[in-house]
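Welcome, and thanks for taking a look at this model. Please keep the viewer open while you read the briefing.

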Amino acid sequence: GAVLAKVASVACTQIVLRLAPVEVLGVASARLELIMNALLCVTRDGARLALTRCTTCAERTARTLAWASAFLGCVVALACAAAAHFGVDATAPYRARDALTLYCLAAAVDAGSEPLEALARHHVLTAPRAVAEPAAALARGAVAAVLLWARPDLQAAALGWAQVAAAAASGLARFVTWPRDLPSGVALRLHDLDETLVRDTWRFAGQAAIKHVATEADRLAVAVLATPYEAGLYAFATHYGSLVARLVLAPGEDACRLALAKCASHERAASIGGLFAKGALYVGLVCAAVGAPFGAAAARILKGNAPENDIAGCGAALAFFCLQVPFLSLNGVCEACAHARADARALALLSGVHVACALLFALCARPALATTGPPGLVAAGGAVMALRALVALYLARTRAFGKHGAAFAKAAAPDAVAVFVFMGAGAAARRSASIASLATHVAATAVLGVLCLAAIFVRDRAFVTSLLGSRRAKKAD
């Protein structure tokens with residue numbers, strides 16, 4: 001059911017990307033989503049991370065922290081919605097005022113069910129998130145597609161209503177899937193809070209805000225430097241480029257963080273972290289090998305009858321994004337390991353690296369955008385992500401697993417022969433892109449992708465066995 005919901009949400013999003021004008025996509029992605037995600041990050045991530053790492057706090061203490069954080073987030077989101085409605089000019093293009101108000105309201109609606117998500121992480125429950133995310137994506141895509149088709153005059157406001165629908169669908173899914181024997185009712189007795197837990201919450205909130213700025217540095221640069229049209233092209237390319245990250249890598253990072261936070265043995269934790277890191281690296285390497293040469297063909301298929309310059313720009317941006325997926329995947333898992341097991345000093349260092357990388361990207365963004373447009377901005381982001389990944393790998397190896405850091409690195413290393421197969425598949429895919437027809441190139445890319453997966457199964461049987469064993473154990477639980 002979750003797989004079908006994800007497939008349906010991807011189909012609806014494709015319809016949205018075809019129906020929405022490029023400028024509307026640029027306004028929504030570069031500015032409105034940036035504001036909404038900032039609200040959600042600052043108001044919820046601190047409690048989530050604190051409750052994920054907390055294993056000794058009382059049930060009432062955990063519920064009080066979750067509900068207090070959600071209440072604060074709701075108040076902040078509603079205040080921002082009021083400021084947007086009364087402070088932004090009603091004649092702003094693309095109905096930006098209405099859209100911004102709706103995006104802030106969506107953050108307030110999401111806060112209503114956020115305690116369940118925070119408590120689910122505390123109790124290591126995966127069902128609420130596994131159902132809520134596909135439900136939200138499906139609702140967002142379906143409502144946006146219907147409104148853009150039936151009411152094109154809504155412009156960016158149509159995407160705002162879609163965000164409100166997504167927040168409501170996510171909340172409903174969390175309530176429906178919550179175990180009936182586990183308390184989750186409202187608890188706002190602040191005297192039940194533990195001082196150490198509150199301090200950890202504020203510390204994690206600050207680190208999450210810094211990480212958000214670093215992660216969203218590309219969209220910040222696009223919002224400040226690019227026109228709505230350029231921002232729309234960039235949003236189109238990065239949406240498809242990040243599908244793998246959203247559908248595969250992000251759930252894996254969350255599962256890794258939850259598994260490591262509750263694991264008492266450093267040796268066992270190093271083995272688990274290495275397994276997740278290797279899996280993420282395999283996904284990233286396959287995307288880079290066969291996805292990058294397929295970027296231009298994918299843009300031509302997805303963009304339809306768009307101008308040739310638009311298709312070329314989207315194809316180049318997709319190709320550059322595929323090349324950075326290995327670093328994106330490695331960085332995500334290594335940061336999850338650090339957040340789950342490293343000490344406060346290591347996490348502070350990680351936050352400092354995020355700030356440095358954000359500043360480095362800000363320095364590179366203007367010349368990259370001025371010379372090659374959105375594709376250059378994606379390439380600059382990939383270079384900065386590579387630096388972040390190397391630092392995160394170092395911290396995970398040296399600070400997250402004690403003396404077993406070398407075992408983590410060894411477990412995370414992909415098979416050398418499989419990597420050479422990926423490189424050969426990439427060379428063959430680039431050759432196919434240059435000489436073959438579109439249909440032939442699509443077929444060749446599919447065959448090469450299967451070849452890469454076969455190389456993993458044949459050469460790294462231990463990894464495949466461990467992966468299948470963990471899935472059977474999860475089903476048995």
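What follows is a short tour from the whole chain down to single residues.

This is a predicted model, in which local features need pLDDT of at least 70 and side-chain atom pairs count only at pLDDT 80 or more, while totals for chains, interfaces and linings use all residues. Residues are numbered from 1 along each chain as its sequence is written, and side-chain values use heavy atoms, with hydrogens and water left out.

**Overall build**

- The protein chain has 19 helices and 0 strands; these are DSSP runs (H or I of at least four residues for helices, E of at least two for strands), numbered from the N terminus.
- With a radius of gyration of 22 Å, close to the 23 Å that the globule rule gives for 477 residues, the protein chain is as compact as a globular protein of that length. The radius is taken over C-alpha atoms, and the rule is 2.2 Å times the number of residues to the power 0.38.
- Along the principal axes, the C-alpha atoms of the protein chain fill a box of roughly 70 × 60 × 45 Å.
- Buried residues make up 50% of the 477 residues, where buried means under 20% relative accessible area, exposed over 50% and partly exposed in between (1.4 Å probe, protein chains only).
- Of the contacts between residues at least 6 apart in sequence, 84% join residues at least 24 apart; a contact means heavy atoms within 4.5 Å.
- The protein chain exposes about 21300 Å², and carbon and sulfur atoms supply 67% of it. Accessible areas come from the Shrake-Rupley method with a 1.4 Å probe, and for residues only the protein chains shown count as cover.

- Leaving aside neighbours within four places in sequence, Leu260 is in contact with Ala269, Ile272, Gly273, Cys337, Ala340, Arg341 and Phe401.
- In helix H8 (residues 217-225), the buried residues include Ala217, Asp218 and Arg219. Their cover includes helices H2 (22-53), H7, H9 (228-241), H14 (344-372) and H15 (374-400).

**Buried residues worth a click**

- Alanine 106 is in helix H4 (residues 96-122) and counts as buried at 2% relative accessibility.
- Histidine 354 belongs to helix H14 and is buried, at 2% relative accessibility. Beyond residues up to four places away in sequence, histidine 354 touches Ile210, Lys211, Ala214, Glu335 and Arg388.
- Arginine 257 lies in helix H10 (residues 243-261) and is buried, with a relative accessible area of 10%.

**Salt bridges**

- The structure holds 17 salt bridges, each a side-chain nitrogen of Lys or Arg within 4 Å of a carboxyl oxygen of Asp or Glu.
- Arginine 121 pairs with glutamate 117, the closest N and O atoms being 3.0 Å apart, and both residues are buried. Because they are 4 residues apart in helix H4, about one helical turn separates them.
- A network of salt bridges links Arg44, Asp45, Asp110, Glu117, Arg121, Arg174, Asp254 and Arg257.
- Aspartate 343 forms a salt bridge with arginine 399, with 3.4 Å between the closest N and O atoms. This pair links distant parts of the chain, 56 residues apart: aspartate 343 is in the loop between H13 and H14, and arginine 399 is in helix H15.

**On the surface**

- Phe71, Val75, Val186 and Leu188 form a nonpolar patch with about 390 Å² of accessible area together. Patches are made of residues with over 30% relative accessible area and no salt bridge, with like charges joined within 9 Å and nonpolar side chains (Val, Leu, Ile, Met, Phe, Trp, Tyr) within 5 Å.
- Valine 186 lies in the loop between helix H6 (156-177) and helix H7 (195-215), and at 57% relative accessibility it counts as exposed.
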